[in-house]
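Could you walk me through this structure in my viewer, one selection at a time? I am new to it and would like to know what to click and what is there.

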Amino acid sequence: PARHEPLSGPVHVAQVSFYVDPARRSPERLLDAWPSLVDIAEAARAGGVRVTVVQACTTAAVLRRADVEYRFVDAEPAGLARAPAFAALLRALRPDVVHVHGFETPADVTALARVYGGPILIQDHAARVPRFLWRRAALRRALRAASAATFCAVEQARPFAALLSPATRVLAVPESTSRFTPGDGAAARATTDVHGNPAVLWVGHLDANKSPLVVLRGVERALERLPDLRLWCCYGSAPLLPEVERFLAARPALRARVHLLGRVPHERVESLMRAADLFVLGSRREGSGYALIEALACGLPPVVTDIPSFRALTGDGQIGHLWPVG
């Protein structure tokens, strides 16, 4: 923008998240619990950008890792955007761009725009257009304060077209990157005990959006031609676990080939992905798909649903295979 002087050094980006951890974890624990918070910042830093992360929290702190500064601001009780410390911090940092994570706090984005005169980039994290008109109006104000909005696939911006300003640039950028890498498959199988021909890996919640029963029906059909197939399932929240267990209990042959691992440490997921032959997921919608990004980083071929973000990440199915939702 014309109101900004020409840049004489690296672009300084403040990555801002207004979301407060409901578990009220300490800043140090949040950096470990939320790998994308660190990965996105360090990826930008590796590109030559100066990055300061400003994170709403219940505890104020300043941390530094890998040449990235993390400013945790006490956001209670009124929220980060209305905290006096937030406006003072922005004035002190004088960032060239503010990168806001998520569409879920539009009032905070509007408040940010009032105290910050530079460009705002707002990143989608699987948001939906609000049902209620007053919420929709609040989101419109926030989006129109932004110079650019990012989605994993441009197609995902279509539901928000009426809320975005014609001047707002829409950019296709995945939600995050991954530190995972390919590795020795045989060694990974030895350490994880993953086996099968093929060994198929699921990493995702057992919920309606991920459609685990659809995947299980597909595996059941595949067993007719691939009797040595094994499905290994890692999941966090699992509201459909009782239904999945009933489904498997009624099919002993399928049950013998499905391994419900439950929640596993994030670093173990990399080993499981190195050990597997295929990655499967039945998502009906995703902002990007962190697990798919990690599978691709490991070189694990995906067999996933034909949705906009998965099309973008797989080059329209050039990598692996896309199958119809449901």
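Start by selecting Thr 110, which sits in helix 4 (residues 106-115); helices here are DSSP runs of H or I with at least four residues, strands are runs of E with at least two, and both are numbered from the N terminus. Thr 110 counts as buried because its relative accessibility is 18%; buried means under 20% relative accessible area, exposed over 50%, and partly exposed in between, with a 1.4 Å probe and protein chains only. Leaving out residues up to four places away in sequence, Thr 110 touches Ala 138, Arg 141 and Ala 142, where contact means heavy atoms within 4.5 Å.

A word on what you are viewing: this is a predicted model, in which local features need pLDDT of at least 70 and side-chain atom pairs count only at pLDDT 80 or more, while totals for chains, interfaces and linings use all residues. Residues are numbered from 1 along each chain as its sequence is written, and side-chain values use heavy atoms, with hydrogens and water left out.

Next, colour the open sheet of eight strands, whose order is 3-4-2-1-5-6-7-8 with mixed pairing; two strands pair if DSSP finds at least two bridges between them. At its edges are strand 3 (61-65) and strand 8 (169-172), each pairing on one side only. Zoom in on strand 3 and strand 4 (residues 68-74), which pair in the antiparallel sense over five bridges. Here Leu 63 stands opposite Tyr 70 in strand 4.

Stay here and pick Asp 67, in the loop between strand 3 and strand 4. Its phi is near 65 degrees, a positive value in a residue other than glycine, and Asp 67 counts as partly exposed because its relative accessibility is 39%. Then go to Pro 77, in the loop between strand 4 and helix 3 (84-93). The peptide bond from Glu 76 to Pro 77 is cis, with omega near 0 degrees.

Pro 198 lies in the loop between helix 6 and strand 9. Follow on to strand 9 (residues 199-203), which pairs with strand 10 in the parallel sense over five bridges. The bridge partner of Leu 201 is Trp 232 in strand 10.

Select strand 10 (residues 230-234) by itself: five of its five residues are buried. Which residues point one way from strand 10, and which the other? Arg 230, Trp 232 and Cys 234 point one way, and Leu 231 and Cys 233 the other.

Show helix 7 (residues 212-222) with helix 8 (residues 241-249): they pack at an angle of about 20 degrees, with axes 10 Å apart. Axes are lines fitted to C-alpha atoms, for helices over the stretch in contact, and angles run from 0 to 180 degrees between N-to-C directions. Pro 212, Leu 213, Leu 216, Arg 217 and Glu 220 of helix 7 meet Glu 243, Val 244, Phe 247 and Leu 248 of helix 8.

Finish with the largest nonpolar core, which has 49 residues; Leu 201, Leu 216, Leu 231, Met 273 and Phe 279 touch the most other members. Such a core is a set of buried Ala, Val, Leu, Ile, Met, Phe, Trp, Tyr and Cys residues joined through side-chain atoms within 4.5 Å. A second, separate core of 34 residues includes Phe 18, Ala 81, Ala 146 and Ala 149.
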